[in-house]
Amino acid sequence: MGMICEHEFEEEDLKNTGYSMTEYDLYGKLGMTIRKNLKLNVYEIINIKTKEMLYSFKDISRVVKKANQLEGTNNIKVK
C-alpha cells in the first residue's frame, strides 16, 4: 500500500520548474504518475512518456481516488 502526503509535493523540481520534485508512479503498465503543478496549485496525473496531463484535481484525496480507480485497487492512501 502506498501512502501519499500533500507536503511531499511542496518542493519544486529545479529541472522542471513549476512542478513538484516528488512524483508518485502508478502501476508500471499504466505509464502514469502523480505530480503537483505548483503554479496552478493542482495535482495532476500525467503520461510519463509524453508528459501530457490526463487528469487534474485541486484536492489530493480526489487525485488518489482517481489513481485507485485507474489501478483497479484501493492501494493508495492519504497520510
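**Rings and charges in a predicted model**

Searching the whole structure turns up one aromatic pair.

Now let's turn to the charged side chains. Side chains of opposite charge can pair when their charged atoms come close. Here the count comes to two salt bridges.

Start with Glu8, whose side chain meets that of Lys79 in a salt bridge, at 3.6 Å from N to O. Glu8 lies in the loop between E1 and E2, and Lys79 in the segment after strand E6 (76–78), so the pair links parts that are 71 residues apart in sequence. How accessible are these two partners? Glu8 is partly exposed, with a relative accessible area of 32%, and Lys79 counts as exposed, at 60%.

The other bridge to look at joins Arg35 and Glu44, with their closest N and O atoms 3.0 Å apart. Arg35 is buried, at 5% relative accessible area, and Glu44 counts as buried too, at 4%. While you have Arg35 in view, look for Tyr19 as well: Arg35 lies over the face of that ring, 3.7 Å from its centre. Arg35 therefore takes part in a salt bridge with Glu44 while being buried, at 5% relative accessible area.

Note on methods
Residues are numbered from 1 along each chain as its sequence is written. This is a predicted model: local features need pLDDT of at least 70, side-chain atom pairs count only at pLDDT 80 or more; totals for chains, interfaces and linings use all residues. Side-chain values use heavy atoms; hydrogens and water are left out. Rings of Phe, Tyr and Trp (its six-membered ring) pair if their centres lie within 6.5 Å; planes under 30 degrees apart count as stacked, over 60 as edge-to-face and the rest as tilted. A charge sits over a ring if NZ of Lys or CZ of Arg is within 6 Å of the ring centre and within 35 degrees of the ring normal. A salt bridge is a side-chain nitrogen of Lys or Arg within 4 Å of a carboxyl oxygen of Asp or Glu. Helices (H or I, at least four residues) and strands (E, at least two) are DSSP runs, numbered from the N terminus. Buried means under 20% relative accessible area, exposed over 50%, partly exposed in between (1.4 Å probe, protein chains only).
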